[in-house]
Amino acid sequence: MRVLFVCLGNICRSPTAEGVFRRELEAAGLVHRVEVDSCGIGDWHVGRAPDPRAAAAAGRRGIDLSGLRARQLAAEDFHRFDYLLAMDHDNLAALQAQCPEGCRAHIGLFLDFAGHHDRPVPDPYYGGERGFEEVLELIESASRGLVEEIAGRLEGRRP
Ligand code: 4NP
(Lines give C-alpha, C1' and ligand atoms only; values in the text may rest on other atoms or scores of the structure.)
Protein backbone atom coordinates (compact mmCIF):
# COMPACT_ATOMS: atom_id res chain seq x y z
CA MET A 1 0.00 0.00 0.00
CA ARG A 2 1.34 3.45 -0.89
CA VAL A 3 0.21 6.81 0.49
CA LEU A 4 1.16 10.28 -0.80
CA PHE A 5 0.35 13.43 1.18
CA VAL A 6 -0.04 16.57 -0.91
CA CYS A 7 0.01 20.26 0.05
CA LEU A 8 1.07 23.45 -1.69
CA GLY A 9 4.76 23.82 -0.81
CA ASN A 10 5.68 20.43 0.75
CA ILE A 11 7.41 22.21 3.63
CA CYS A 12 4.62 22.53 6.26
CA ARG A 13 1.52 20.32 6.16
CA SER A 14 2.38 17.34 3.97
CA PRO A 15 5.82 16.61 5.52
CA THR A 16 4.13 16.86 8.92
CA ALA A 17 1.53 14.35 7.72
CA GLU A 18 4.30 12.08 6.41
CA GLY A 19 6.11 12.11 9.79
CA VAL A 20 3.01 11.72 11.95
CA PHE A 21 1.46 9.01 9.77
CA ARG A 22 4.72 7.05 9.76
CA ARG A 23 4.77 7.17 13.56
CA GLU A 24 1.18 5.89 13.69
CA LEU A 25 2.10 3.07 11.28
CA GLU A 26 5.02 2.13 13.53
CA ALA A 27 2.69 2.05 16.53
CA ALA A 28 0.34 -0.25 14.61
CA GLY A 29 3.18 -2.52 13.41
CA LEU A 30 2.44 -1.67 9.78
CA VAL A 31 5.41 0.51 8.84
CA HIS A 32 6.95 -2.18 6.60
CA ARG A 33 3.72 -2.73 4.71
CA VAL A 34 2.93 0.86 3.77
CA GLU A 35 5.10 3.27 1.78
CA VAL A 36 4.66 6.95 2.70
CA ASP A 37 5.75 10.06 0.84
CA SER A 38 4.73 13.70 0.47
CA CYS A 39 4.94 16.35 -2.22
CA GLY A 40 3.82 19.84 -3.16
CA ILE A 41 1.69 21.16 -5.99
CA GLY A 42 4.15 24.05 -6.43
CA ASP A 43 7.89 23.97 -7.05
CA TRP A 44 9.07 27.02 -5.01
CA HIS A 45 10.59 25.00 -2.18
CA VAL A 46 11.88 21.91 -4.03
CA GLY A 47 14.93 20.44 -2.28
CA ARG A 48 14.31 22.32 0.98
CA ALA A 49 13.89 20.83 4.44
CA PRO A 50 10.57 21.37 6.23
CA ASP A 51 9.75 24.82 7.63
CA PRO A 52 11.47 25.22 11.04
CA ARG A 53 8.07 25.93 12.68
CA ALA A 54 6.64 22.65 11.35
CA ALA A 55 9.79 20.79 12.40
CA ALA A 56 9.57 22.30 15.90
CA ALA A 57 5.88 21.41 16.34
CA ALA A 58 6.59 17.82 15.23
CA GLY A 59 9.73 17.71 17.39
CA ARG A 60 7.65 18.56 20.47
CA ARG A 61 5.88 15.27 19.82
CA GLY A 62 9.08 13.33 19.26
CA ILE A 63 8.77 13.26 15.47
CA ASP A 64 11.89 14.08 13.43
CA LEU A 65 11.21 15.75 10.06
CA SER A 66 14.82 16.80 9.44
CA GLY A 67 15.56 14.17 6.79
CA LEU A 68 12.67 15.18 4.53
CA ARG A 69 13.17 17.30 1.40
CA ALA A 70 10.47 18.99 -0.64
CA ARG A 71 9.57 17.70 -4.08
CA GLN A 72 6.87 18.55 -6.58
CA LEU A 73 3.97 16.32 -7.63
CA ALA A 74 4.93 14.20 -10.66
CA ALA A 75 2.76 12.53 -13.29
CA GLU A 76 3.90 9.03 -12.25
CA ASP A 77 2.61 9.62 -8.70
CA PHE A 78 -0.91 8.96 -9.95
CA HIS A 79 0.09 5.41 -10.95
CA ARG A 80 2.47 4.72 -8.09
CA PHE A 81 0.28 5.60 -5.08
CA ASP A 82 -2.95 4.04 -3.83
CA TYR A 83 -3.94 7.18 -1.91
CA LEU A 84 -3.19 10.78 -2.91
CA LEU A 85 -4.44 12.85 0.03
CA ALA A 86 -4.82 16.61 -0.27
CA MET A 87 -4.55 19.00 2.64
CA ASP A 88 -7.01 21.53 1.25
CA HIS A 89 -9.51 22.11 -1.52
CA ASP A 90 -7.01 23.91 -3.78
CA ASN A 91 -4.59 20.98 -3.54
CA LEU A 92 -7.49 18.60 -4.24
CA ALA A 93 -8.60 20.58 -7.30
CA ALA A 94 -5.02 20.54 -8.62
CA LEU A 95 -4.81 16.75 -8.13
CA GLN A 96 -8.13 16.22 -9.87
CA ALA A 97 -7.06 18.45 -12.77
CA GLN A 98 -3.79 16.55 -13.26
CA CYS A 99 -5.20 13.07 -12.66
CA PRO A 100 -4.71 11.01 -15.85
CA GLU A 101 -7.49 8.93 -17.36
CA GLY A 102 -7.60 5.42 -15.94
CA CYS A 103 -6.01 6.44 -12.64
CA ARG A 104 -7.41 4.15 -9.95
CA ALA A 105 -5.94 5.82 -6.87
CA HIS A 106 -8.10 7.23 -4.09
CA ILE A 107 -7.87 11.03 -4.41
CA GLY A 108 -9.49 13.00 -1.61
CA LEU A 109 -9.12 15.30 1.39
CA PHE A 110 -6.93 13.94 4.18
CA LEU A 111 -9.26 15.14 6.96
CA ASP A 112 -12.03 12.88 5.65
CA PHE A 113 -10.16 10.25 7.66
CA ALA A 114 -10.61 12.32 10.82
CA GLY A 115 -14.37 12.25 10.33
CA HIS A 116 -14.35 15.90 9.21
CA HIS A 117 -16.17 15.86 5.94
CA ASP A 118 -15.00 18.54 3.51
CA ARG A 119 -12.69 20.29 6.00
CA PRO A 120 -9.16 21.47 5.05
CA VAL A 121 -5.94 21.40 7.04
CA PRO A 122 -5.50 25.21 7.13
CA ASP A 123 -2.36 26.58 5.50
CA PRO A 124 -0.15 27.70 8.43
CA TYR A 125 2.60 29.32 6.35
CA TYR A 126 1.65 32.99 6.89
CA GLY A 127 0.32 32.53 10.44
CA GLY A 128 1.84 32.05 13.89
CA GLU A 129 3.00 29.11 16.01
CA ARG A 130 -0.57 28.29 17.09
CA GLY A 131 -1.43 27.45 13.47
CA PHE A 132 1.25 24.77 13.43
CA GLU A 133 -0.13 23.21 16.62
CA GLU A 134 -3.60 23.09 15.11
CA VAL A 135 -2.19 21.48 11.96
CA LEU A 136 -0.53 18.82 14.08
CA GLU A 137 -3.68 18.01 16.02
CA LEU A 138 -5.77 17.67 12.86
CA ILE A 139 -3.11 15.54 11.19
CA GLU A 140 -2.79 13.23 14.21
CA SER A 141 -6.51 12.60 14.21
CA ALA A 142 -6.67 11.89 10.46
CA SER A 143 -3.55 9.69 10.61
CA ARG A 144 -5.19 7.42 13.15
CA GLY A 145 -8.29 7.13 10.98
CA LEU A 146 -6.20 6.35 7.91
CA VAL A 147 -4.17 3.69 9.74
CA GLU A 148 -7.45 2.06 10.75
CA GLU A 149 -8.73 2.06 7.17
CA ILE A 150 -5.47 0.66 5.77
CA ALA A 151 -5.19 -1.97 8.51
CA GLY A 152 -8.71 -3.06 7.55
CA ARG A 153 -7.77 -3.33 3.88
CA LEU A 154 -4.54 -5.23 4.59
CA GLU A 155 -6.44 -7.69 6.77
CA GLY A 156 -9.10 -8.10 4.09
CA ARG A 157 -11.83 -6.55 6.21
CA ARG A 158 -12.40 -3.81 3.67
CA PRO A 159 -12.34 -3.76 -0.14
P1 4NP B 1 2.50 23.92 2.87
O2 4NP B 1 2.64 25.47 3.29
O3 4NP B 1 1.69 23.93 1.59
O4 4NP B 1 1.76 23.32 4.02
O5 4NP B 1 3.89 23.40 2.69
C6 4NP B 1 3.08 26.46 2.43
C7 4NP B 1 4.42 26.61 2.18
C8 4NP B 1 4.85 27.62 1.34
C9 4NP B 1 3.93 28.47 0.76
C10 4NP B 1 2.58 28.31 1.02
C11 4NP B 1 2.16 27.30 1.85
N12 4NP B 1 4.38 29.51 -0.07
O13 4NP B 1 3.54 30.32 -0.49
O14 4NP B 1 5.59 29.60 -0.36
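Reader: Which residues lie nearest the centre of the largest pocket?
Author: This is a predicted model: local features need pLDDT of at least 70, side-chain atom pairs count only at pLDDT 80 or more, and totals for chains, interfaces and linings use all residues. Residues are numbered from 1 along each chain as its sequence is written, and side-chain values use heavy atoms, leaving out hydrogens and water. On a 1 Å grid over the protein atoms alone, a pocket is an open set of points where a 1.4 Å probe fits, with protein on both sides within 12 Å along at least five of seven lines; lining residues have an atom within 4 Å of a point. Of the 13 residues lining the largest pocket, those nearest its centre are Leu8, Gly9, His45, Asp123 and Tyr125.

Reader: Where does the ligand sit?
Author: A molecule sits in a pocket if more than half of its atoms lie within 2 Å of its grid points. By that criterion, the ligand sits in the largest pocket.

Reader: Which residue has a backbone N or O atom 2.9 Å from an oxygen atom of the ligand?
Author: Polar contacts are pairs of N or O atoms within 3.5 Å. A ligand oxygen is 3.0 Å from a polar backbone atom of Ile11, and one is 2.9 Å from a polar backbone atom of Cys12. The backbone N or O atom asked about belongs to Gly9.

Reader: How much of the ligand's exposed area does the protein bury?
Author: Accessible areas come from the Shrake-Rupley method with a 1.4 Å probe. The ligand alone exposes 360 Å², and the share buried by the protein is 92%.

Technical notes:
Polar contact = N/O pair within 3.5 Å; in protein donor to acceptor, adjacent residues only side chain to side chain.
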